[in-house]
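Open the structure in your viewer and keep the selection tool at hand. This tour tells you what to pick next and what to look for.

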Number of protein chains: 2
Amino acid sequence: MRNGPYKSATRAISNVTRAMSSQAPSKAHLHKPILSSKFPVGYAVGGSHCGVKKDASVNDLGLIVSTTDSPASAAACFTRNAFKAAPVVVSQDILTKSAGKARAIVVNSGCANAVTGTQGMKDAWAMSKETDVAMFKSKATPSTLVMSTGVIGQTLPISKILEGIRASADNLGSDFAAWEQAAKAFMTTDTFPKLVARTFALGDTTYRMAGIAKGAGMIHPDMAPALPHATLLGCVVTDAAVAPKALQKALTYAVDRSFNSISVDGDMSTNDTIVALANGAAGGPELTATDPAFATFQEELKDFAVQLAQLVVRDGEGATKFVTVSVRNAPTYEDAHRIASKISTSALVKTALYGEDANWGRVLAATGSVPLSNGASIDTGKVNVSFIPSDGTSKLPVLVNGEPEKVDEDRAKEILSLEDFEVEVDLGMEGGQEAQYWTCDLSYEYVRINGDYRS
Amino acid sequence: MRNGPYKSATRAISNVTRAMSSQAPSKAHLHKPILSSKFPVGYAVGGSHCGVKKDASVNDLGLIVSTTDSPASAAACFTRNAFKAAPVVVSQDILTKSAGKARAIVVNSGCANAVTGTQGMKDAWAMSKETDVAMFKSKATPSTLVMSTGVIGQTLPISKILEGIRASADNLGSDFAAWEQAAKAFMTTDTFPKLVARTFALGDTTYRMAGIAKGAGMIHPDMAPALPHATLLGCVVTDAAVAPKALQKALTYAVDRSFNSISVDGDMSTNDTIVALANGAAGGPELTATDPAFATFQEELKDFAVQLAQLVVRDGEGATKFVTVSVRNAPTYEDAHRIASKISTSALVKTALYGEDANWGRVLAATGSVPLSNGASIDTGKVNVSFIPSDGTSKLPVLVNGEPEKVDEDRAKEILSLEDFEVEVDLGMEGGQEAQYWTCDLSYEYVRINGDYRS
């Protein structure tokens, strides 16, 4: 969690591995190593300081470039906010016109290029085109997607960024050090870079996947009079060959169950963007959505996205707890997801988690406040609520078939004092659908970071 | 606001009057005195300590009884939570079977009688029937509505309550002192009783209205190992004659624009209930929904409910600000209401209000995250955001036609340091509908009250 300044990616990520390793056996599929020396082939990446941020020792410009001859398949999930930032509009436009093809991603941190009018649109296009020229000597078809994060309502120092892009062209790499620099370029108030890599198999072939995310962190306290907003950015790239439509289908599925299933404060940004690239550099036939191996790829992508998304929650502002909210035996997945979301964003639930209080009443009230689809209604006599520790010891039922249990307060305290635990709500309904959400607690520190930074 | 222990209803309410009087001229309709010696005729009320709460110096049982020969018209708005508390189920049942007639309301605080199974249902019915017998010597038709607030998951000390009801029968009154005792019986962590009265005219006849509310306050810090949940209770009684269906129509309209338009923490309780009684004791013809005077009555009831609901926000946990959120020129009322709700419940907005930060970026992002009805979309170039002070001085535009203004930070600080101010979002869309919400800030104190009370 955010218990100190950034030391090194390795240390932070090994902390996360430790925390994950301590989860219950049912989470065994999450125990895969999240760092690997095998980054996907056919990509050149890097990060540098170009001058958006004042502090010259931190990165503010990142590049992720597919080096294959043909453009990579590309897919993306964007914010649904009506006030879409310029880079969101530009990236959407490129993907639509190219029918799901792209060659590169350029990202800047320190300025979100949001609510910046026509100048903002020009600047976002300039970032895309400058990357195309610098990397591919091409002015023809726009093929670089753009992401920005940071202060909103301010225009980019565009000449510094374009200069930075040109300077980066010869300084990209493909090893851990290069990926780490790229991951650092995504950071705003993140306390550690969020970089994950893994291998996976489709049939007899092994492929690689690497991903970067940045947290829903607000602008740094010393940046007043800034007008900040939280943003979630992420990218996942693989050397597998996946058709654009199949990639979009798998990414939508994965994002719904990962980045759309986490909550730090329940707000939706103007810049939220998750991009996937698949360049096929590792060979093999192009995967389509009707291919038998597609389901395997989709699950791999989902599990990977979940790992990345969970890092965002672990770095949540003021967070001291990492809490999994599981809703089981709901009539539909959407119902389960909506209820898990309501529990995960409830200020009453989140303050109780901070207070290490096994307050099932607040969990129940949040559950009951969600209208179910098709007019279905909860049979309150079938509902079970439990707290599940992450240390493998037995779970603590607090509501059994709608009746409150006599709770062992010492045992409750034991579980809730853990950094990781799970809140499970079983509706006992037909359909048997389930969804998970990952959330953090609401602490004094959250209020300090978001409210008190001017004093 | 919650800046000290309860002193007296008069002092607390005069503070509120002061705060209200300092609002902008457009709020002139709210300037009517909220205390009156003219309580509605034909009602006997009271409050006492019966033993639900440990502290014998505080009230935990209240009665509001219509003394007319015929039952009064009755209407109610209940929580939509799936986990409805027993008193909610019982009151709904009584109103359905009586087709909108009732004689009394009995309320206890200290225990919500929620998630209490079959015993809870028996207890809620017992409270209703005991009141019928004690007040009306009647066992025939159930005519007393029931409300409970306090800890959930615990059963009522029912024999103490029934004894209290019998003891109260001869101790009711109709003056301010009696109403004040009744209002105190609603309190849990409220720091002052919420009691409002006014007169209003329909044609040539003057009628009276009195109302009580209790805040969305959590259980008191010293009640661990309690399992608390916030609850909103309220009642409005009048001596006008209103047909049951007209009363329900007016109440639904009023509650949507008052109690359903306030936010302390955005959570919905298992017990939320607002009841209205109209006993016709002041004479006059029975008002129906097609009567020309109905619109006048409906607006009176709405304004009255707004006053009551605002008292709840002013007593919000940890609140230091009372903020009106106005959304104007939306395509429909529902769209305006949803956007106002989203802004009012955003943790990012509420912490910025606490930090006295004119953070229009967070307001805009919350606005843009709400999908509009009928697939309508916001034209970002027409959106205006302003901060409006409550002292009558000029408003501060921060976003004009989608373009950020160069904000005068000193002036922003001046407005946001007020206890009362307004955030106005003008969407500039056809339809011209508007909605208001009332909210408070999210402070350290909120986290302490709801998270830290065990330490």
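The stops below go from sheets to strands, helices and single residues.

**Before you start**

Remember that this is a predicted model.

**Stop 1: the six-stranded sheet of chain A**

Select S4, S3, S11, S9, S8 and S7 of chain A. They form an open sheet in the order S4-S3-S11-S9-S8-S7, with mixed pairing. Go to the edges: strand S4 (101-102) and strand S7 (194-202) of chain A each pair on one side only.

Now pick S3 (residues 72-78) and S11 (residues 273-278) of chain A. They run antiparallel, and six bridges join them.

Helix H6 (residues 244-256) of chain A lies across S3, S4 and S11 of chain A. H6 runs at about 35° to S3(A).

**Stop 2: A:Thr231**

Where does A:Thr231 sit? A:Thr231 is in the loop between S8 and S9 of chain A. UniProt, in an unreviewed entry, places the feature "active site" at A:Thr231. Is A:Thr231 buried or exposed? Its relative accessible area is 2%, so A:Thr231 is buried.

**Stop 3: strand S2 of chain A**

Select strand S2 (residues 61-66) of chain A. How many of the six residues of S2 are buried? Six of the six are, so S2 is largely enclosed by the rest of the structure. A:Leu61, A:Leu63 and A:Val65 point one way from S2(A). A:Gly62, A:Ile64 and A:Ser66 point the other way.

Strand S1 (residues 43-48) of chain A runs antiparallel to S2(A), and six bridges join the two. S5(A) also pairs with S2(A) in the antiparallel sense, over five bridges. Click A:Leu61. Its bridge partner is A:Ser48, and A:Leu61 also stands opposite A:Asn108 in S5(A).

**Stop 4: A:Val115**

Follow the chain past strand S5 (104-111). A:Val115 is in the loop between S5 and helix H3 (117-136) of chain A. A:Val115 has a positive phi of about 55°, although it is not a glycine. Its relative accessibility is 15%, so A:Val115 counts as buried.

**Stop 5: helix H8 of chain A**

Select helix H8 (residues 333-345) of chain A and check its length. At 1.5 Å a residue, its 13 residues should span 18 Å. The end C-alpha atoms are 18 Å apart, which agrees. Then colour the buried residues of H8(A), among them A:Tyr333, A:His337, A:Ile339 and A:Ile343.

**Stop 6: the sheet of chain B**

Move to chain B. Here an open sheet of six strands has the order S4-S3-S11-S9-S8-S7, with mixed pairing. Strand S4 (101-102) and strand S7 (194-202) of chain B stand at the edges. Each has a single partner strand, so one side of each is left without a neighbour in the sheet.

Six bridges join S3 (residues 72-78) to S11 (residues 273-278) of chain B, and the two run antiparallel. Click B:Ala75: opposite stands B:Ala276 in S11(B). Helix H2 (residues 86-98) of chain B packs on the sheet, touching S3, S4 and S11 of chain B. The direction of H2 makes about 140° with that of S3(B). Helix H7 (residues 294-314) of chain B lies across S7, S8 and S9 of chain B, at about 165° to S7(B).

**Stop 7: two loops of chain B**

Click B:Thr189, in the loop between helix H5 (176-185) and S7 of chain B. B:Thr189 has a relative accessible area of 9% and is buried.

Jump to B:Asn401, in the loop between strand S14 (396-400) and strand S15 (403-404) of chain B. B:Asn401 has a positive phi of about 50°, although it is not a glycine. At 45% relative accessibility, B:Asn401 counts as partly exposed.

**Stop 8: where chain B meets chain A**

Select helix H12 (residues 444-451) of chain B. B:Tyr446, B:Val447, B:Ile449, B:Asn450 and B:Gly451 are buried. Look down the axis of H12(B): its buried residues fall within an arc of 165°, so they line one face of the helix. What covers them? The cover includes helix H9 (347-354), helix H10 (360-368) and helix H12 (444-451) of chain A.

Note on methods
Residues numbered from 1 in each chain as written. Chains lettered and ligands numbered in written order. Predicted model: local features only at pLDDT ≥ 70, side-chain atom pairs only at ≥ 80, totals over all residues. Heavy atoms only, no water. Pairing = 2+ DSSP bridges. Helix = DSSP H or I, 4+ residues; strand = E, 2+ residues; numbered from the N terminus. Contact = heavy atoms within 4.5 Å. Axes fitted to C-alpha atoms, helices over the stretch in contact; angles between N-to-C directions. Buried < 20%, exposed > 50% of the residue type's maximum accessible area, 1.4 Å probe, protein only. UniProt positions renumbered as here; feature names shortened; annotations may be inferred. Expected span 1.5 Å × (residues − 1). Arc of directions from axis to C-beta.
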